[in-house]
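Good morning. Please look at the structure as we go.

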Amino acid sequence: MAISDEQLDQYRVEGIKVRVVRDILQINDVRGIVVAWDDDYVLIRRPNRRVVKLRRSYSIGPASEPRQAPALDGAPFELEEIGEPDDAND
């Protein structure tokens, strides 16, 4: 579910730093200030002053709150333990 226009406007007006969670890897999160948006995309200005265009379908929330893992098909994503590799496949 995409974030509402009202919520984005609140983040923009108050200058709240947001976190955009794109996938399971935290290193791929984008943090910055909301600059602008349309029906499909949001522009985030990162601390290095570069602007990133991201889909609104990503999880967007205040950077001060704990990171929420992205959901796949409505269920939280969990890593699966696959065990040790077979000796024949080394």
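Arg12 is partly exposed, because its relative accessibility is 38%; buried means under 20% relative accessible area, exposed over 50%, and partly exposed in between, with a 1.4 Å probe and protein chains only. This is a predicted model, in which local features need pLDDT of at least 70 and side-chain atom pairs count only at pLDDT 80 or more, while totals for chains, interfaces and linings use all residues. Residues are numbered from 1 along each chain as its sequence is written, and side-chain values use heavy atoms, leaving out hydrogens and water.

What does Arg12 meet in a salt bridge? The partner of Arg12 is Asp9, at 2.7 Å from N to O; a salt bridge requires a side-chain nitrogen of Lys or Arg within 4 Å of a carboxyl oxygen of Asp or Glu. Arg12 and Asp9 are separated by about one helical turn because they stand three residues apart in helix α1; helices (H or I, at least four residues) and strands (E, at least two) are DSSP runs, numbered from the N terminus. Asp9 is also partly exposed, at 31%.

By this rule there are four salt bridges. One of them joins Arg56 and Asp5 at 2.8 Å, N to O. Here Arg56 lies in the loop between β4 (51–55) and β5 (59–62), and Asp5 in helix α1 (residues 5–14), 51 residues apart. Is Arg56 buried or exposed? Arg56 is buried at 6% relative accessible area, whereas Asp5 is partly exposed at 36%.

Finally, Asp29 and Arg67 form a salt bridge at 2.6 Å, N to O, and a network of salt bridges links Arg19, Asp29 and Arg67.
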